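The following note sets out several points on the model shown below. Each may be checked against the coordinates.

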Amino acid sequence: MNTPKANASEKQNAHLGWHDFLPCLWMLLGVLGVFPFFAAYGYTRFEIHGVFAAITAAAVVLFAMEAAILTAIFLRNTELRVQSVLLGMFFRAGIPLVFGMLMHKAGGPLAEAGLFGMILVYYLLTLVVETILAVQLVSQTSTIKKAV
């Protein structure tokens, strides 16, 4: 159904530029910035399986955080700004925790190398950054409606 509001949000999302995706780059740089510490810890405790656990944890948490940020980016100029942050929480928390629990339950060398623990620590470290970025995206709306 094409309503004027739906058409307006489609036009606004059609004009997204590269600068709109800078929060995704900041999240990527944040995850890559702490990755050497996770890899070093994994290698000293569990050798190559620890490094693979660090890579897997970084990839899973980065995917979840990027999905949450992209949700906020694509819905920030609509009436669903606040809901986009709540939907982002589903991605941000659900994907890493479900993946970590499933991998821990399945067992294997990655689970023994502490994959679930690495996912939780990555999650906590990136949660602060992602929340700040999402709130900034939502608060950067171009118009604020006044109560009549």
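What does the accessible surface of the protein chain come to, and what percentage of it belongs to carbon and sulfur atoms?

1. Surface. The accessible surface of the protein chain comes to about 9100 Å², and carbon and sulfur atoms hold 73% of that surface. Areas were computed by the Shrake-Rupley method with a 1.4 Å probe, and for residues only the protein chains shown count as cover.

2. Basis of the values. This is a predicted model, in which local features need pLDDT of at least 70 and side-chain atom pairs count only at pLDDT 80 or more, whereas totals for chains, interfaces and linings use all residues. Residues are numbered from 1 along each chain as its sequence is written, and side-chain values use heavy atoms, with hydrogens and water left out.

3. Overall architecture. The protein chain contains 6 helices and 0 strands, and its elements run α-α-α-α-α-α from the N terminus. Helices (H or I, at least four residues) and strands (E, at least two) are DSSP runs, numbered from the N terminus. Of the 148 residues, 35% are buried; buried means under 20% relative accessible area, exposed over 50%, and partly exposed in between (1.4 Å probe, protein chains only). Among contacts (heavy atoms within 4.5 Å) between residues at least 6 apart in sequence, 77% join residues at least 24 apart.

4. Annotated spans. An unreviewed UniProt entry carries the annotation "transmembrane region" for residues 21-44, 50-73, 85-103 and 115-138. Positions are in the numbering used here, feature names are shortened, and such annotations may be inferred rather than shown by experiment. In the model, residues 21-44 are 96% helix and 0% strand, with end C-alpha atoms 36 Å apart. Residues 85-103 are 100% helix and 0% strand, and their end C-alpha atoms lie 27 Å apart.

5. Helix H2. The 25 residues of H2 should span 36 Å at 1.5 Å a residue, and the end C-alpha atoms are 35 Å apart, which agrees; the expected span is 1.5 Å times one less than the number of residues. A kink of about 35° lies at Phe35, shortly before Pro36; the bend is the angle between axes fitted to the seven residues ending at a position and the seven starting there. Buried positions in H2 include Met27, Val31 and Phe38. Glu47, which follows H2, has a positive phi near 55°.

6. Nonpolar core. The largest nonpolar core has 24 residues, of which Met27, Ile69 and Tyr122 touch the most other members. Helices H2 (22-46), H3 (48-75) and H6 (115-139) each supply at least two residues of this core, and H3 gives the most, with 10 residues. Such a core is a set of buried Ala, Val, Leu, Ile, Met, Phe, Trp, Tyr and Cys residues joined through side-chain atoms within 4.5 Å. Leaving aside residues up to four places away in sequence, Met27 touches residues including Leu62, Ile69, Thr126 and Leu133.

7. Helix H4. Arg92 lies in H4 and counts as buried because its relative accessible area is 6%. Beyond residues up to four places away in sequence, Arg92 has contacts that include Ala64, Tyr123 and Glu130. Ala93, also placed in H4 (residues 81-106), is partly exposed at 22%; its C-alpha atom is separated by 7.6 Å from that of Ala64, 29 residues apart along the chain.

8. Gly100. This H4 residue is buried, at 1% relative accessibility. Not counting residues up to four places away in sequence, Gly100 touches Phe116 and Ile119. The C-alpha atoms of Gly100 and Ile119 are separated by 6.7 Å.
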